[in-house]
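Dear colleague,

Here is the structure I promised to pass on to you. Please open it beside this message, and you will find my notes on it below.

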Amino acid sequence: MKNERLTCAILGASGYIGQHFARMLADHPYFEPPLLVASERSEGKRLGELWQLAEPPPENLADAKLIAATPSDLARQGVSAAFSALPSGTARDVESELVRRGVSVFSNAADHRMDARVPLLVPEVNADHLALITARPRPRSILVTNPNCSTTGLVLALAPVDRLLAPRVVHVATYQSLSGAGYPGVPSLAITDNVVPFIREEEEKIREESARILGRRRAHTVVPSPVPVLAHCARVATREGHLEAVTVEATRRPRLEELETAWESFDPLHDLDLPTAPCPPIELRREPDRPQPLRDRWAGRPVRARGMAAVVGRVRWTPPYLRFFVLSHNAVRGGAGASVLNAELALRTGLIGRAEGETE
Ligand SMILES: NC(=O)c1ccc[n+]([C@@H]2O[C@H](COP(=O)([O-])OP(=O)(O)OC[C@H]3O[C@@H](n4cnc5c(N)ncnc54)[C@H](OP(=O)(O)O)[C@@H]3O)[C@@H](O)[C@H]2O)c1
């Protein structure tokens with residue numbers, strides 16, 4: 001894998017998710033340092049001067065200039081993979097055009113998430129949905145999406161206990177951080193001393209996307225899970241990390257120890273040894289006051305997988321109701337890191353590779 005580094009680009013590199021992409025791809029073992037693409041508003045600016053994250057920008061990219069580039073520009077430059085942090089609405093045509101031109105796209109945007117032939121992927125949960133692509137003749141380039149940032153933590157926590165509980169219904173109430181709205185996001189006067197009990201389209205996305213991810217693949221399609229997921233979504237004044245309070249109404253009655261073991265032993269990607277895969281993907285906390293965004297948002301080992309683990313805690317099992325909290329880093333596990341992990345899986349399973357004509 002060492003000599004197989006692919007050329008890549010970040011679309012929306014000036015934005016919040018774009019900067020997390022830059023952080024995670026600056027020295028990636030499978031990808032060359034990325035080209036930084038944004039709109040004409042940011043063209044010519046240095047990444048360092050736009051930087052908004054708490055930790056400093058990667059040294060090798062701080063002075064790199066953002067470019068405005070079309071899909072054909074990127075294809076001409078031999079880009080093999082594009083990591084998309086474009087806004088919904090803008091992403092649809094750009095991503096489709098890139099794929100048509102032979103560039104594989106790993107996207108955070110919502111536009112293609114529900115397309116029948118596009119995997120909506122959380123590798124630990126539904127890696128088999130990549131077969132939506134392999135069911136066809138091997139394409140030159142592929143499009144893979146990751147879910148909305150609050151869906152990712154939820155499905156990671158549900159997947160290991162799904163079979164044990166056979167849920168009848170899932171309720172979730174979210175406490176979503178400010179960075180979930182990108183930069184600059186929610187006006188400070190609207191959120192200081194406040195909680196806003198509305199995030200546009202979020203409750204619908206959680207319901208539809210989790211049904212798709214937890215659904216079963218049948219040949220070329222996914223049959224969505226029939227279990228209703230009923231969400232309340234609220235914006236709170238934390239910086240990063242979405243906390244979710246989950247109640248599962250179960251039809252089966254496993255012992256609490258079985259549920260805990262299912263979470264703690266869950267590690268379906270272990271043998272693949274993907275660089276950004278957290279090991280383990282779920283950290284179970286037994287203290288009465290965890291998980292907390294401030295203390296747990298960077299959960300995930302090894303160092304490259306910081307922020308990629310979901311933290312489950314405050315587990316209460318009073319059959320038929322299982323209650324717990326789950327926390328996941330919205331911009332890492334629910335954003336840039338999700339796309340990077342999807343790309344690593346696609347590369348490792350042979351779905352993407354070096355662009356035609358490209359040499360080492
Ligand atoms: N924030 C999260 O936690 C999160 C999590 C999961 C998924 N997402 C999704 O990820 C995407 C990015 O979110 P974000 O929070 O990073 O948003 P953001 O901070 O507002 O960044 C948006 C980026 O898109 C670029 N852009 C806007 N219009 C463009 C155009 N017409 N052509 C090219 N580039 C354009 C912007 O470039 P300029 O600066 O040059 O305008 C900026 O780099 C969205 O689809 C969002 O729904 C976000």
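Asp296 forms a salt bridge with Arg290, and the closest N and O atoms of the two are 2.8 Å apart. Please keep in mind that this is a predicted model, so that every value in this message is computed from predicted atoms.

Arg333 forms a salt bridge with Glu124, with 2.9 Å between the closest N and O atoms. Because Arg333 lies in helix α13 and Glu124 in helix α5 (residues 123–126), this pair ties together parts that are 209 residues apart in sequence. Arg333 counts as buried at 1% relative accessibility, and Glu124 is likewise buried, with a relative accessible area of 5%.

The side chains of Asp73 and Arg76 also meet in a salt bridge, at 2.7 Å from N to O, but the setting is a local one: the two are 3 residues apart in helix α3 (residues 71–76), and are therefore separated by about one helical turn. In an α-helix there are 3.6 residues a turn, so residues three or four places apart point the same way. Asp73 counts as partly exposed at 22% relative accessibility, whereas Arg76 is exposed, with a relative accessible area of 64%.

Which buried arginine has no salt bridge? That is Arg212, for which the nearest side chain of opposite charge, Asp115, is 7.1 Å away. Arg212 is found in helix α10 (residues 202–213), and a polar atom of its side chain lies 3.3 Å from the backbone oxygen of Ala116. Leaving out residues up to four places away in sequence, Arg212 touches Arg113, Met114, Asp115, Ala116, Val118, Leu120, His129, Leu132 and Val222.

Val222, one of those contacts, is found in strand β8 and is buried, with a relative accessible area of 17%. Although Val222 and Arg212 are 10 residues apart in sequence, their C-alpha atoms are 6.8 Å apart in space. Beyond its neighbours within four places in sequence, Val222 is in contact with His129, Leu132, Arg212, Gly215, Arg216 and Arg217.

Turning to the ligand, there are 25 residues around it, of which Ser14, Ile17, Ser39, Ser42 and Leu86 come nearest. A polar side-chain atom of Ser42 lies 2.5 Å from an oxygen atom of the ligand, while from the backbone an N or O atom of Leu86 lies 2.7 Å from a ligand oxygen atom and a polar atom of Gly15 is 3.0 Å from an oxygen atom of the ligand. Taken alone the ligand exposes 910 Å², and the protein buries 78% of that. The elements that give two or more residues to the shell around the ligand are α1 (16–25) and α13 (332–348).

Helix α7 (residues 149–158) is mostly covered, as 10 of its 10 residues are buried; among them are Cys149, Thr151, Leu154, Val155 and Leu158.

A cis peptide bond joins Cys279 and Pro280, with omega at about 5°, and Pro280 lies in the loop between α11 (256–264) and β11 (282–284). The peptide bond from Arg301 to Pro302 is cis as well, with omega near 0°, and the place of Pro302 is in the loop between α12 (293–296) and β12 (310–318).

Where do residues other than glycine have a positive phi? One of them is Ala219, whose phi is near 55°; Ala219 is found in the loop between β7 (216–218) and β8 (221–223) and is exposed, with a relative accessible area of 53%. Asp273 also has a positive phi, of about 55°, although it is not a glycine; its place is in the loop between α11 and β11, and at 61% relative accessibility Asp273 counts as exposed.

With best wishes

Definitions and conventions:
Residues are numbered from 1 along each chain as its sequence is written. This is a predicted model: local features need pLDDT of at least 70, side-chain atom pairs count only at pLDDT 80 or more; totals for chains, interfaces and linings use all residues. Side-chain values use heavy atoms; hydrogens and water are left out. Helices (H or I, at least four residues) and strands (E, at least two) are DSSP runs, numbered from the N terminus. Buried means under 20% relative accessible area, exposed over 50%, partly exposed in between (1.4 Å probe, protein chains only). Lys and Arg count as positive and Asp and Glu as negative; His and the chain ends are not counted. A salt bridge is a side-chain nitrogen of Lys or Arg within 4 Å of a carboxyl oxygen of Asp or Glu. A polar contact is a pair of N or O atoms within 3.5 Å; within protein, one must be able to donate a hydrogen and the other to accept it, and residues adjacent in sequence count only if both atoms are side-chain atoms. Contact means heavy atoms within 4.5 Å. A residue is near a molecule or strand if one of its heavy atoms lies within 4 Å of it. Accessible areas come from the Shrake-Rupley method with a 1.4 Å probe; for residues, only the protein chains shown count as cover.
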